[in-house]
Amino acid sequence: MNPQRIFNPCAGSSNALSGCLGSCWTLQRHTPHDGNTRLTVGRTVTLYELNTLDMDARASHLWTHGEYVTGIADAQGRSNFYALHGYFVEVELFDEGNAIAAVIPFNAGDRYERMIRGVDLSRLT
């Protein structure tokens, strides 16, 4: 089964699907009376599995399970960085306002170097 299908609108208040991407996992989508969709994951989602989800699902999982690392505004743009399940996620923001342009998981490379440059070591205990 394609795990992306879980994010299609459904008639009921909740649904669950299972899929295999190297190892099995389950996502459950639940929309309570307040109208805010919440996702729960049956196990840790790897960087590669997170990449298979659409941007809204990646962001939802990040807000639930991620830990804020730092925010950066530089010549490359504005981004917030989070730690999630042993890797990192960059949330790119549009130049104007606070709208999200992209949610990108990573563990090395230019994004990692940019994030490290932005970490305030004096805040670490």
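Predicted model: local features only at pLDDT ≥ 70, side-chain atom pairs only at ≥ 80, totals over all residues.
Strands here are DSSP runs of E of at least two residues, numbered from the N terminus.

Most residues other than glycine have a negative phi. H85, although not a glycine, has a positive phi of about 50°.

Now turn to helix α1, which spans residues 47-52 and contains E49. Is E49 buried or exposed? E49 has a relative accessible area of 2%, and since buried means under 20%, E49 is buried. A polar atom of the E49 side chain lies 3.0 Å from the backbone nitrogen of T46.

Here are the two residues side by side:

| Residue | Relative accessible area | Class |
|---|---|---|
| E49 | 2% | buried |

The largest nonpolar core has 14 residues, and L50, L62, L84, Y87, V89, V91 and V103 have the most contacts inside it. Two or more residues each come from α1, α2 (55-65), β5 (77-84) and β6 (87-93). Of these elements, β6 gives the most, with four residues.

What does L50 touch, leaving aside its neighbours within four places in sequence? L50 is in contact with V45, R58, H61, L84, Y87, V89 and P105. Among these partners, L84, Y87 and V89 are also listed with the most contacts inside the core.

How values were computed: Residues numbered from 1 in each chain as written. Heavy atoms only, no water. Buried < 20%, exposed > 50% of the residue type's maximum accessible area, 1.4 Å probe, protein only. Polar contact = N/O pair within 3.5 Å; in protein donor to acceptor, adjacent residues only side chain to side chain. Core = buried A, V, L, I, M, F, W, Y, C linked by side-chain atoms within 4.5 Å. Contact = heavy atoms within 4.5 Å.
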